[in-house]
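Colleague: I would like to learn how to read a few features of a protein model, one after another. Could we begin with strands and then turn to aromatic rings?

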Amino acid sequence: LFGDKTHVLLLVMELGECTRNPGYQDVEGGGSAAETINADPGEKHDSTALKLDQDFAAEEYTQIKPYAGMPKEVLLQYSSQARYRVPREILFWLTVACTLVLVALTITVIALSPRCLQWWQSSPVYQVYPRSFKDTNGDGVGDLKGIQEQLDHFLYLNIKSVWISPFYRSPMKDFGYDVEDFRAIDPLFGTMQDFEELLAEMHNKGLKLIMDFIPNHTSDRHRWFNLSRTRDPHYKDYYVWTDCNMGSFLIVFGNSSWTYDDVRGQCYLHQFLKEQPDLNFRNPNVYKEMTDIIHFWLEKGVDGFRMDAVKHMLEATHLRDEPQVDPNKPESVKTEFDLHHDYTYTQLGLHDLLRSWRAVLDVYSREPGKYRFMVMESYDYQEVEKTMMYYGTPLVRESDFPFNFYLLYLPQNTSGLWVKDLVHLWMANMPKGKWPNWVVGNHDKPRIASSAGQTYIRVINMLLLTLPGTPTTYYGEEIGMENINSASRDPERSPMQWSGDMNAGFNIKTNITWLPVHPDYRSVNVEVQNSFNTVPTLEKHLARAYVWVICPLIPGCLLMAVLSLPLAWRLRRVQAQLGV
């Protein structure tokens, strides 16, 4: 009984607090709590409280309005009522629906938006021919220190990707494309320390270095060849040897592809110079050796490779004579174009080799911000479908792109329709989802200012920069350099024209250059070009804005071939008005 009275007193105190809630209603009678408590002062508190206690136990709580400080049991009674439960559930499910819509919208935007551009997509590729770029020691030949000295020139041009032609140790029969040691720098260009310093400085400035990789052949002074010609058990099949038949294989430069070796007593295959014997990639040891060389330079930190002359890498095992284009005139076979190269070009298994190297580069690309780039060089002429195979398949990647050499035909016809046809040739045949590229000059082809004329040089450069994809330019094209008069195969490799000083600023220590400087160097050089800030800046920023922003958003972007020509001609008119 005593315990019941204590409970009753607590309830009475709680009901006293409820008198401050005007909305509070008693369970019975509809009167307020104050009226109930003060109705009969003489009535015993214990009987009233006991009655209320019994009512709470017997009936549901019927309070109309919630009040501050109500206990948990009362709050649960209100929360289960429809007027409170339904709005709460509506808000909950509305929040869930909005969240799902936002997630779906985010996924859709990510899926449909153009992917972020890699470094090799967001910048032109600038080819440096190291012999001719900059000489720092006065021997008349450019070197690695010279490239490092001129890195700011790339930054001025908004260039981020620099492809450097071969600087391996070489007897220089083919100016570096005949490699004597793939792991050494030729002393003509510097030392391995010079290379490492160049690479470090390029990375410090945000530049990427692309190396030339030459898998098809070596120099005849390479250690492997000397061991192979003596029939060393491990190296005897590193090259393509046969008993001499002197069959109708022709090298790229003409003449026979077979040369007899007195030491071995057999003929070896060379699709280029006789000092460049072809490696035998059907020997797995050769493949492993060349893959190890790729690892060597990737460990050094290079950002990618330009794979040289890849279509020549494999030959048919039977080594039969190749069919003539005109079998009725056997005496007419004088160049590579007089034969159908069914047994030496793009043989079965070639793309498997290249895709395996792509996989090696992909392993090194896993490091954030360290994507390793691979581009193929293959002149397939009218057989554009063969070039497109270097993109890979929908399931297996190969090169990031093969070089597109079809704009090299621009000088044949300067009409807009011819330009459109050349652009369409690539865009129409390129596999869906792949990245295009454009080349108008390199170390093997005449400079565009010489082949098309000075009138067109800026127009063609503007076209190059406004087409969708990655443009590739050759050193000196940005200032309109021309070929020199030379009977050799090097007229487009003359020294870079930096200024109007001695030797065009290429060699300021001695009056020696490995090739003559072009006579127009006093008016056509980097200093003169940079002095006209208005037009180069307009050309530079307009081109980058077009390539980076507009083109990736337009499917196919074929329209650019048409739009770029009047845009470039308008730029030419501005230049004429400025006297540039």
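Colleague: How many bridges join strand 7 to strand 8?

Modeller: In general, the strands of a sheet pair through backbone hydrogen bonds, and the pairing is either parallel or antiparallel. In this predicted model, strand 7 and strand 8 (residues 266-269) run antiparallel and are joined by four bridges.

Colleague: What describes a pair of aromatic rings?

Modeller: Such a pair is described by the distance of the centres and the angle of the planes. There are 41 aromatic pairs in the structure, and one of them, formed by Tyr379 and Phe405, is stacked, with 4.1 Å centre to centre and 10° between the planes. This pair links distant parts of the chain, 26 residues apart, with Tyr379 in the loop between strand 10 (373-376) and helix 13 (384-388), and Phe405 in the loop between strand 11 (401-402) and helix 14 (416-429).

Colleague: Is Tyr379 buried or exposed?

Modeller: Tyr379 counts as buried because its relative accessibility is 14%, under the 20% cut-off. Phe405 also counts as buried, at 9% relative accessibility.

Colleague: Where does the charged end of Arg183 sit?

Modeller: It sits over the ring of Phe296, 5.7 Å from the ring's centre. Arg447, in turn, lies over the face of Tyr475, at 4.7 Å from the ring centre.

Technical notes. Residues numbered from 1 in each chain as written. Predicted model: local features only at pLDDT ≥ 70, side-chain atom pairs only at ≥ 80, totals over all residues. Heavy atoms only, no water. Phe/Tyr/Trp six-rings, centres within 6.5 Å; stacked < 30°, edge-to-face > 60°. Helix = DSSP H or I, 4+ residues; strand = E, 2+ residues; numbered from the N terminus. Buried < 20%, exposed > 50% of the residue type's maximum accessible area, 1.4 Å probe, protein only. Lys NZ or Arg CZ within 6 Å of the ring centre and 35° of its normal. Pairing = 2+ DSSP bridges.
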